[in-house]
Amino acid sequence: MSTVAETNIKPTPERGARPGASMRSRLQDALPKIVLAPSFAITVVFVYGFILWTVYLSFTNSKTFPSYAITGSRAYQRLWRWTFESDPPSSWYTSITNMGIFGFLYIFICLALGLFLAILLDQKIRGEGMLRPIYLYPMALSFIVTGVAWKWFLDPGLGLEQTLHQWGWTSFHFDWIKNKDFVIYTVVIAGVWQASGFIMAMFLAGLRGIDGEIMKAAQIDGATTFQLYRRIVIPLLRPVFLSAFIVLAHLAIKSYDLVVALTSGGPGGSAWLPSNFMYEYTFKRNEMAVGSASAVIMLMTITAIIVPYLYSELREKPR
């Protein structure tokens, strides 16, 4: 039997290969990470770092300046008492009540109006190219501009009521912006005016993405227009509904500048939302712990909305 001696054969570099080629490829692979590293570090420090700092302050007795001694959940207990045991209602109770009214009406009306406008524009009407920018234009404005414009329009001494009085309709009265029981509805009007065009664009994109063959097959089977939208179109728009809901809920919870610009908080703070409460107690009433606790509650509310959405979108579909 003959034996074959095993030899270690070292691979020779390919012809034309340069020593710096591997270093260049490594740099090219690392370049995106190098570019993103500063923004990633800034986000970690100034977003998530300050979120943790706010959570920490909510468990202290901080007033005008931060206090580093942990005192427990006193701030949360105060908010709990102001929610359920305060008589007359506290400003925190008013804020969360307004949040419920504003959030429900704002989201529902924007979804309904946005879907209605999208269905109309989806009919290939004449002048669609001009109408879409008109509906989308309010979203390009800041909440401050929107609030100031609607404040002038709704002010009884300047806007709609005064104009109609000058035209002879002296019996017309619309003083919601100065009425503590109705001022929150003026915030709903301004918010819907600004956001409904953007929601319309989302629904219109969803409608244009529906396969036309499905629609034609349903029409051949005798489906009416109402049945077509109720049984086919709207169910296919479920992802758009979910995305629009997340966007609107996020905007509703963090709304601050719209309330300030439109109503200046309303008579006696009657238009406050939790964001207004947080700013007032943190920076004006020197109750930093209470303001931090209200901010954490807002964060938990947003998280409770976004996390299920992310879970439904990112989970692996069963094979």
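1. Helix α12 passes α13 in a left-handed crossing, a term used when the near helix is turned anticlockwise from the far one by less than a right angle, clockwise being right-handed. Helices here are DSSP runs (H or I, at least four residues), numbered from the N terminus. By class, the contact between α12 and α13 has 8 nonpolar, 5 polar and no charged residues, where Ala, Val, Leu, Ile, Met, Phe, Trp, Tyr, Cys and Pro count as nonpolar, Asp, Glu, Lys and Arg as charged, and the others, Gly among them, as polar.

2. Please keep in mind that this is a predicted model, in which local features need pLDDT of at least 70 and side-chain atom pairs count only at pLDDT 80 or more, while totals for chains, interfaces and linings use all residues. Residues are numbered from 1 along each chain as its sequence is written, and side-chain values use heavy atoms, with hydrogens and water left out.

3. The axes of α12 and α13, which are lines fitted to C-alpha atoms over the stretch in contact, come within 7 Å and cross at roughly 160 degrees, the angle running from 0 to 180 degrees between N-to-C directions. The two helices are therefore roughly antiparallel, the word for angles over 145 degrees. On the α12 side the contact (heavy atoms within 4.5 Å) includes Phe 277, Met 278 and Tyr 281, and on the α13 side Met 288, Val 290 and Met 298 are among the residues met.

4. Helix α12 spans residues 274-284, and its buried residues (under 20% relative accessible area, with a 1.4 Å probe and protein chains only) include Pro 274, Asn 276, Phe 277 and Glu 280. The buried residues of α12 pack against α2, α3, α10, α11 and α13. After α12 comes Asn 286, whose phi is positive, near 55 degrees.

5. There are 6 salt bridges in the structure, each a side-chain nitrogen of Lys or Arg within 4 Å of a carboxyl oxygen of Asp or Glu. In one of them Glu 280 meets Arg 285 at 3.7 Å, N to O; Glu 280 is buried at 17% relative accessible area, whereas Arg 285, at 40%, is partly exposed, that is, between the 20% limit and the 50% above which a residue counts as exposed.

6. Another salt bridge joins Arg 208 to Asp 122, with the closest N and O atoms 2.8 Å apart. This pair links distant parts of the chain, since Arg 208 lies in helix α7 and Asp 122 in the loop between α3 and α4, 86 residues apart. Arg 208 is partly exposed at 36%, while Asp 122 is buried at 16%.

Methods. Angles under 35 degrees count as roughly parallel, over 145 as roughly antiparallel, 65 to 115 as roughly perpendicular and the rest as oblique.
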